Amino acid sequence: MVRPSARRATAVAALLALCAAGCSEPGTAPPAAPAPTGGAGATAAPPAGPSPVPAARAGLGGKPSPSARPCTVFPADNVWHADVARLPVHPRSAAMIGAIGGGATVHADFGSGRWEGAPIGIPVTVVPAGQRRVPVTFGYADESDPGPYPVPPDAAVEGGPDGTGDRHVIVWDRAACRAYELFDAHRSGAGWRAGSGAVFDLRSNTLRRAGWTSADAAGLSILAGLVRYDEVAAGRIDHALRVTVPRTRTGWTWPATHSASSATDPALPQLGQRLRLKRSVDLSRLPRQARIVAEAMQRYGLIVADHGSAWFLSGAPDPRWDNDALHALGGLHGSDFEVVDAAGLMVSAGSGATG
């Protein structure tokens, strides 16, 4: 969620040509015209104590039917699941961390209870097999996967039904093992209208077409990078986390497929840049929920997915979050992180598989 004062203007989307020229580093793509970002921005801190609210439809803790095949969020060899603990530090790491904000603190942009009348975070609606598909119209149809989408009329919207922020809608069809993700989603007649939308086959490593956005500025899946309560309750997060930064430079870094900036300052990170919490940071004093999140940032890192407040981590709301524990992540600063060179993981520019 974002405060109205922190909203960034949505830029005009443009199709990009796939080319190697103009890339600033291995695994990056050429400059692109800005497009709808659809990411998280600044929010005030969550309430100090939990204030349980009813879970969204089916809820993130909803379970598929016994006959359904297990559905993980992308294959085990996908870049989101890559262990980056021993990857080399990027040669421009110090400059990029400084540009993001070396003194800024980490903030869990999710939690329990409500903020400004809505659950805190990006909600996920789990739908059953055979969920009825409805039409969806897009403002940026040339970079969106066409409908219909299996979005129920009561799907949870980021910021609540009357929210004025990014209004993400994330639908997880576990039976089909697909994620349907919308940016700036609103009910419209028997269906929905949105700024942009993407469908992700969660059993596939295929990335979006080069130059295409998704419901996220980087062209990536939002679901893949969310901190989810069920993972923390199980004691381990096995993927990179979605993070926002104030500014990026033009082009993108694999596995991103889209740029939303015209800035050329080499000190700025690109969308898709992989960050990592330094191994030297002592996590032993963090409360359990915060420690598990921090351990994931050391092993799997963060992926720059959108513009927003510095070091804001995206997650799904849940009444079982301990907001006080999550606030402890604020003891981590930007200077505790480094940018890693993840180019060696890439097998193909069009695939999220790692070698």
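Let me start with G301, the residue with a positive phi, near 80 degrees, that follows α3, where helices (DSSP runs of H or I, at least four residues) and strands (runs of E, at least two) are numbered from the N terminus. This is a predicted model, in which local features need pLDDT of at least 70 and side-chain atom pairs count only at pLDDT 80 or more, whereas totals for chains, interfaces and linings use all residues. Residues are numbered from 1 along each chain as its sequence is written, and side-chain values use heavy atoms, with hydrogens and water left out.

Staying with α3, its twelve residues, 288–299, should span 16 Å at 1.5 Å a residue, and the end C-alpha atoms are 16 Å apart, which agrees; the expected span here is 1.5 Å times one less than the number of residues. Among the buried residues of α3 are Q289, A290, I292 and V293, and buried means under 20% relative accessible area, with exposed over 50% and partly exposed in between, for a 1.4 Å probe and protein chains only. The helix α3 lies across β12, β14, β15 (302–307), β16 and β17, and runs at about 125 degrees to β14; contact means heavy atoms within 4.5 Å, and axes are lines fitted to C-alpha atoms, for helices over the stretch in contact, with angles from 0 to 180 degrees between N-to-C directions.

That brings me to the sheet itself, which is open, has six strands in the order β2-β16-β12-β15-β14-β17, and shows mixed pairing; two strands pair if DSSP finds at least two bridges between them. Its edge strands are β2 (107–109) and β17 (337–339), each of which pairs on one side only. Neighbouring strands of this sheet are turned by 40 degrees against each other on average, direction ignored. The helix α1 also packs on the sheet, touching β12 (241–245), β14 (274–277) and β17, and its direction makes about 125 degrees with that of β17.

What covers the picture for β12, and how many of its five residues are buried? Five of the five are buried, and both faces are covered, with L241, V243 and V245 on one side and R242 and T244 on the other. The strand β12 pairs with β15 in the parallel sense over five bridges, and with β16 in the antiparallel sense over two bridges. T244 takes part on both sides, standing opposite D306 in β15 and opposite F312 in β16. F312 is also the bridge partner of H107, within the parallel pairing of β2 and β16 over three bridges.

Now to the disulfide, meaning a pair of cysteine sulfur atoms within 2.5 Å: the structure holds one, and it joins C71 to C177 with an S to S distance of 2.2 Å. The torsion about the S-S bond of C71 and C177 is about 90 degrees, so the disulfide is right-handed. C71 sits in the loop between β1 (28–29) and α1 (93–100), and C177 in the loop between β7 (169–173) and β8 (178–183), 106 residues apart. C71 is buried at 17% relative accessible area, and C177 is buried at 0%.

Finally, N205 lies in the loop between β11 (196–201) and α2 (229–234), and counts as buried at 14% relative accessibility. Its side chain makes a polar contact of 2.8 Å with the side chain of N78; a polar contact is a pair of N or O atoms within 3.5 Å, where within protein one must be able to donate a hydrogen and the other to accept it, and residues adjacent in sequence count only if both atoms are side-chain atoms.
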